[in-house]
Amino acid sequence: MYRKQMKLQRIFCIFALIAAACVFIYSLGMLTDLYDSLYPMMRNPDNLEETDVPGSIIYYDMQPFNHQLVISAIALILLAAFLFVTSTSSRRKYYAGNYVATCLNVAAEIGVSVWAHLQISSFKSQFINTVDFDALEMWSGIWETPALTKSSTFWFDIHYLVFALVLIAAVLLIVNVIWKRRLMQGEKALLAGKAVSA
């Protein structure tokens, strides 16, 4: 049973690292469509009210969040790497460092997921409700830039998949710790029983 658990714990840790990398990739791409379509409509970076398309300021509104998301993604990657540094991915018995590494990862994964979901949902609502898509279509034709519509929400919607992976990673790490503790307790009881019988 230990062999199976140790094999899976390594997979769980790798999965946590992959999920964190997905957040990083997502953070780099999430403003792509807004940049291509809305940024050219902002005529004066010194006065964001001067725009051909009302609501296009969302591109600027999202930049601080996007910057924070990139930093959060890097933090998730480093925390996932910490699982390997502490041998949480390969150790037969867990010690304090392994529990700390797991707890930090789970807390960060849940925290970042909830925070990002709330922020992205709010920006999606702002995008749908404030951008003048008729003006955007007209000016996009003139400036030959991509014309977004109310249904152009791919980068907002894909966050459900990205952060679902992160939350799954958190659940797997929790399951791994519970499983590991049970195996350790079972082994300890077995050794104690053998010592008494001897």
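Ser-27 has 1% relative accessibility and therefore counts as buried. This residue sits in helix α1. The model is predicted.

**Ser-27 and its surroundings**
- Setting aside neighbours within four places in sequence, Ser-27 touches Asn-66, Leu-69, Val-70 and Ala-73.
- Ser-27 is also among the α1 residues that make the contact with α4.

**Pairing of α1 and α4**
- Helix α1 spans residues 2-29, and helix α4 spans residues 63-85.
- Their axes come within 8 Å and cross at roughly 165 degrees.
- An angle over 145 degrees counts as roughly antiparallel, so α1 and α4 are roughly antiparallel to each other.
- The crossing of the two helices is left-handed.
- From α1, the contact draws on Arg-10, Cys-13, Ile-14, Ala-16, Leu-17, Ala-20, Ala-21, Val-23, Phe-24, Tyr-26, Ser-27 and Leu-28.
- From α4, the contact draws on Asn-66, Leu-69, Val-70, Ala-73, Ile-74, Leu-76, Ile-77, Ala-80, Ala-81, Leu-83 and Phe-84.
- By class, the contact of α1 with α4 has 20 nonpolar, two polar and one charged residues.

**Gln-9, another buried residue of α1**
- Gln-9 lies in helix α1.
- Its relative accessibility is 0%, so Gln-9 counts as buried.
- Leaving out neighbours within four places in sequence, Gln-9 contacts Thr-88, Ser-89, Ser-90, Arg-91, Tyr-94, Asn-176 and Lys-180.
- Gln-9 and Ile-25 are 16 residues apart along the chain, and 25 Å separates their C-alpha atoms.

**Nonpolar cores**
- The largest nonpolar core has 41 residues.
- Leu-34 and Phe-163 have the most contacts inside this core.
- Helices α1, α3 (58-61), α4, α5 (96-130), α6 (133-143) and α8 (159-197) each supply at least two of its residues.
- Helix α5 gives the largest share of this core, seven residues.
- Beyond neighbours within four places in sequence, Leu-34 is in contact with Tyr-39, Tyr-59, Met-62, Phe-127, Leu-148 and Phe-156.
- A second, separate core has five residues, including Tyr-2, Tyr-94, Val-177 and Leu-183.
- Tyr-94, one of the residues in that second core, is also among the contacts of Gln-9.

Methods
Residues numbered from 1 in each chain as written. Predicted model: local features only at pLDDT ≥ 70, side-chain atom pairs only at ≥ 80, totals over all residues. Heavy atoms only, no water. Axes fitted to C-alpha atoms, helices over the stretch in contact; angles between N-to-C directions. Helix = DSSP H or I, 4+ residues; strand = E, 2+ residues; numbered from the N terminus. Parallel < 35°, antiparallel > 145°, perpendicular 65-115°, else oblique. Left-handed = near helix turned anticlockwise from the far one by under 90°. Contact = heavy atoms within 4.5 Å. Nonpolar A, V, L, I, M, F, W, Y, C, P; charged D, E, K, R; others polar. Core = buried A, V, L, I, M, F, W, Y, C linked by side-chain atoms within 4.5 Å. Buried < 20%, exposed > 50% of the residue type's maximum accessible area, 1.4 Å probe, protein only.
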